[in-house]
Amino acid sequence: MTTKDSDIDTALAERLRVERLARNWSMQDFAMRSGVSKAMIGRIEQADVSPTANLLSKLSSALGMTLSTLLARTEKDQGEHRTRSQQSVWTDPETQYLRRAVSEPGAKGAEIAEITLPAKSEVHFEMPAHIVSNQQIVVLDGALVFKTESANHKLAAGDWFLAPNFGARTFANEMQQPCRYLIISQ
């Protein structure tokens with residue numbers, strides 16, 4: 001086994017362990033779901049053996065993903081870096097609302113966007129076509145009002161807010177200076 005193969009096996013061993021633990025499965029649970037022995041799973045997770053394509057296929061299937069997805073997640077475990085200049089920026093032509101995609105879409109299960117909402121402006125979103133399971137908001141500068149049909153939530157710099165995962169929403173900046181905040185979507 002070459003050093004490069006060893007690095008991949010180590011990363012794959014860690015990815016399989018992380019996926020198993022994220023599901024709160026014991027090795028026995030994983031073995032029952034995959035048809036791979038508990039002893040073999042232990043050896044794979046310790047990077048003692050290099051798993052065959054057949055074994056990886058069984059393990060990834062038990063995890064509810066394709067072999068390609070498992071390998072792609074393993075490759076991403078090596079770290080990713082996206083400079084500010086590589087982040088895409090979109091500006092709403094109507095409000096000048098600026099959205100910077102800080103992370104890659106779907107990065108490690110969460111997407112991060114930095115928003116700059118101009119002074120005295122608001123952006124309204126109708127009920128989403130799909131429900132967002134989690135949308136966290138962190139105000140970096142200024143003040144933000146998160147409006148729903150039933151409540152207004154006033155957020156100041158440094159505040160964190162877990163938004164409801166349904167219904168229309170409005171992001172409003174009632175101040176004289178821009179508001180900058182992060183949205184972390186999972």
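**Helix 3 and beyond**

Mentor: Directly after helix 3 comes A47, a residue with a positive phi, near 60 degrees. Please bear in mind that this is a predicted model. Helix 3 itself spans residues 38-45, and its buried residues are I41, G42, I44 and E45. These four lie on the same side of helix 3, because the arc they cover around the axis is only 165 degrees. To count as buried, a residue must have under 20% relative accessible area.

Four strands make up an open sheet, arranged in the order 4-9-6-7 with antiparallel pairing. Strand 4 (121-125) and strand 7 (152-156) each have a single partner strand, so these two stand at the edges and one side of each is left without a neighbour in the sheet. From one strand to the next, the twist averages 15 degrees. In general, strands of a sheet pair through backbone hydrogen bonds. Within this sheet, strand 6 (residues 143-147) and strand 9 (residues 169-173) run antiparallel and are joined by three bridges. V145 has A172 of strand 9 standing opposite.

Leaving aside residues up to four places away in sequence, R99 touches S88, V89, W90, A113, E114 and I115. Between R99 and L182 there are 9.6 Å in space, C-alpha to C-alpha, although the two are 83 residues apart in sequence.

Methods
Residues are numbered from 1 along each chain as its sequence is written. This is a predicted model: local features need pLDDT of at least 70, side-chain atom pairs count only at pLDDT 80 or more; totals for chains, interfaces and linings use all residues. Side-chain values use heavy atoms; hydrogens and water are left out. Two strands pair if DSSP finds at least two bridges between them. Axes are lines fitted to C-alpha atoms, for helices over the stretch in contact, and angles run from 0 to 180 degrees between N-to-C directions. Contact means heavy atoms within 4.5 Å. Buried means under 20% relative accessible area, exposed over 50%, partly exposed in between (1.4 Å probe, protein chains only). The arc is that of the directions from the helix axis to the C-beta atoms.
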